[in-house]
Amino acid sequence: MNIGTMRARRSVRTFTEESVASELIEKLSAYMKELDNPFHIPIEFQILDAKEHKVSSPVLVGAQTYIVGKYQRQPNAELAFGYEFEKLMLCAVSLGLGTVWIAGTMDRKAFERAIEVKDGEVMPAITPIGYAANKKSIREGMMRKAIKADERMDFEKLFFDRNFEHPLKEADAGRFLLPLQMVRWAPSATNKQPWRLVVDGNRIHFYEEKTKGYDREEIGDVQKIDLGIAMAHFEIAANETGQKGRFVQANPKLMLPENTEYITTFEL
Ligand SMILES: Cc1cc2nc3c(=O)[nH]c(=O)nc-3n(C[C@H](O)[C@H](O)[C@H](O)COP(=O)(O)O)c2cc1C
């Protein structure tokens, strides 16, 4: 999985009738066990057969296999989940499979039952895995249009130079251009793109610009999952461009716009 995979990735909601090849299931199962996250929070994944476990999502056509995950409720768990699940989904994409993050439009009770969610545990999201159909369902086409899924906010609305007063132009992003572009094209819940990054020398600070209604008692803050996804995209592209770093939490205490929260820093 690499920059090419992140560029090629798009949400897929319409699948062919073909079952996922067993060797691909084996590869994904092996990769699941290897995964870790910067917070070392355990995330448990399971691959489910839709018929056997009676699980479904009303926005999907033809989905026969799902991946579902859960964690123990704790600080940073949404970030850890977003980071690991996105890596798993990118692995599926690199194997030729279609995926889509689903945190809302699913039969939640059925998925929770299937993965046996216990007290204190959270099952935040799922993905189908399968082969993308040649033609999207009418519903999928309408959804993509309504949430402008093929568009992203301007680069300089998302990324900043040293502080939030100086928008960062794409032409000035230098060695961080590809990692930042990969964040910009990441998936996010209803394509809200809550990630804001401030580049300060060798340190890149990640912030969440919160939208009302996305932080819910029972499933946590969905936009923190978006931030975990952004962390994975940034790190994969940084590694591929020869920039090894690590995530730390060391708040630089910048002046922040409204509803904006410090999340983490990528330190080269
Ligand atoms: C955390 C998260 C939750 C999402 N939940 C849903 C969902 O419940 N239903 C759905 O159809 N799409 C869902 N999506 C998919 C987004 O709508 C999609 O990623 C976004 O519109 C951008 O489109 P793209 O992934 O094709 O680039 C979710 C995405 C993320 C990251």
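**Around the ligand**

Helix H6 (138-146) and helix H9 (222-240) each give at least two residues to the shell around the ligand. Helices here are DSSP runs of H or I with at least four residues, numbered from the N terminus. H9 supplies the largest share of that shell, four residues.

This is a predicted model, where local features need pLDDT of at least 70, side-chain atom pairs count only at pLDDT 80 or more, and totals for chains, interfaces and linings use all residues. Residues are numbered from 1 along each chain as its sequence is written, and side-chain values use heavy atoms, without hydrogens and water.

Now look at the domains. Domain 1 (3-137) and domain 2 (155-267) each contribute at least three residues to the shell. The domain bounds come from an automatic or database domain assignment.

Which residues come nearest to the ligand? Of the 24 around it, they are Arg9, Ser11, Gly104, Thr105 and Arg152. A residue counts as near if one of its heavy atoms lies within 4 Å. By class, the shell holds 12 nonpolar, six polar and six charged residues. Asp, Glu, Lys and Arg count as charged, and Gly is among the polar ones.

Next, the atoms. Ser11 places a polar side-chain atom 2.6 Å from a ligand oxygen atom. A polar backbone atom of Gly104 is 2.8 Å from an oxygen atom of the ligand. The side chain of Thr105 has an N or O atom 2.8 Å from a ligand nitrogen atom. A polar contact is a pair of N or O atoms within 3.5 Å.

Notes:
Polar contact = N/O pair within 3.5 Å; in protein donor to acceptor, adjacent residues only side chain to side chain.
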